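Please look over the sequence and the model shown here before reading on.

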Amino acid sequence: MDRKTLLDSVDEKACLDFVSMMVRHKTYSETEGETILVKRMVEEMQAVGLDAHIHHFGSKGRCNAVGTYKGSGGGKSLIFNGHLDTNPATEGWTVDPWGGLVDDNFIYGIGVSNMKSSDAAYFCAVRALKQAGVKLKGDVILTFVVGELQGGVGTEALIRDGLKADYFVNCEPSDLVAVTMHSAALKFQINLIGDTRHLSKREDAVDAVMAGCDLVPRLNAMTFSGALSPEHASVNRCHVGVFKGALGRELEEWRPPQVADYCVLKGSARYAPGQTREGVLADMEKELTALRSRFPGLKTELISMDAMEEQGLSLMPPYEVRHDSGIVTAINAAYKEVRGEKQPTGAITPTRFYGSDAGHLYELGGMEGIVCGCGGRYNTMPDERVDIVDYIDMIKVYMLTILNVCGIDEDA
């Protein structure tokens, strides 16, 4: 069967039914729903002839689904990686978040963009190849993990238990863009301690709120030292998302005639491969030193306060891959064949500021890979949805990527 005929054989209705089935499972982190869908994915993989099993990890009974499309040997191996846990449904939905609704243009549902449509796409890609009788040289390993929204604990456990391949595709939503780099993240808190006076003596005070107002735009404009290239520097970003100022560490609000002597800023920073958390914090400390010179008498405290560290969970490391890597050229060629145009490739906004399990596969697993999935533009919002055309094209891109990486065994 030639490649065009193979792509034309994709059963679009069956593929839409499959992603709708996945959406109808409510899979919040550390709930029974995760486990139920893991078991369903194992059953579905077994039904199409994959060697599939449940991978158990941790002390809380968590589990992932893993299946292998076994090759005959002599080809490169390829992991597809995606998570089953979803963000919570918010206010503002006009359709059932777990209904799996499909209309003429979109597939709807909580987690359909992040990232059940991509999960379904690589399952359907393998199912189509299996149903067409394609024999591969290299292995394809499908992983459906839990706990990505908790720092990637599911993927990290798989790697520590031996998950390995020549290449990986992490299928986070990228609107089919090939993302070659994304940042690592740290969370921080800055406490600014001033010196209060009544407003009648404001000139004698050290105003923590004024200092905070001075600091926020400087932090938001920061990039960090040690970037290996302009592309690496492009994934640097700092953002303050919480600002509170009042009196004392308890932030008492009932005495507004007094100058605020305490201000708390909370935010997050993004940095590139080759940069470090320690370096980022040192750069931020330099900014605080300059702030103290502009506000004599001000005291400052900088705290790295990543909640995942406090809970003993994983941290999302950075990720990158060379533009001429075999997996990048393979997926670029597949995209060109499906859509007839060059695939956007690089450290592309907004995906370059995301965290993903690609960081674990790259850093802990020591593997080369690409981040590329369907969905993205309607991610994490009411009526979350994915364009049907993107979903179907993603299936086809994954099919051709498998052929390009693993190779067809013509003798089988």
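The paragraphs below go from helix packing to backbone geometry and then to a pocket.

The model is predicted, and local features are given where pLDDT is at least 70, side-chain atom pairs count only at pLDDT 80 or more, while totals for chains, interfaces and linings use all residues. Residues are numbered from 1 along each chain as its sequence is written, and side-chain values use heavy atoms, with hydrogens and water left out.

On the α2 side the contact is made by A14, C15, F18, V19, M22 and V23, and on the α4 side by V112, K116, S117, D119, A120, F123, C124 and R127, where contact means heavy atoms within 4.5 Å.

The axes of α2 and helix α3 (residues 32-47) come within 11 Å and cross at roughly 155°, and the two helices are therefore roughly antiparallel to each other. Here F18, M21 and M22 of α2 meet L37, R40, M41 and E44 of α3. In the loop between α2 and α3 lies E30, which has a positive phi of about 60° although it is not a glycine.

Most residues other than glycine have a negative phi, and most peptide bonds are trans. The bond joining N114 and M115, however, is cis, with omega about 0°, and M115 is found in helix α4. A cis peptide bond also runs from T349 to P350, with omega near 0°, and P350 lies in the loop between β14 (345-346) and α11 (358-363).

Finally, there is the largest pocket, which is lined by 22 residues, with E148, L149, R270, M316 and G355 nearest its centre. A pocket is, on a 1 Å grid over the protein atoms alone, an open set of points where a 1.4 Å probe fits, with protein on both sides within 12 Å along at least five of seven lines, and lining residues have an atom within 4 Å of a point. The elements giving two or more residues to this lining are β9 (184-193) and β11 (262-271), and β9 gives the most, with three residues.

Notes
Helix = DSSP H or I, 4+ residues; strand = E, 2+ residues; numbered from the N terminus. Axes fitted to C-alpha atoms, helices over the stretch in contact; angles between N-to-C directions. Parallel < 35°, antiparallel > 145°, perpendicular 65-115°, else oblique.
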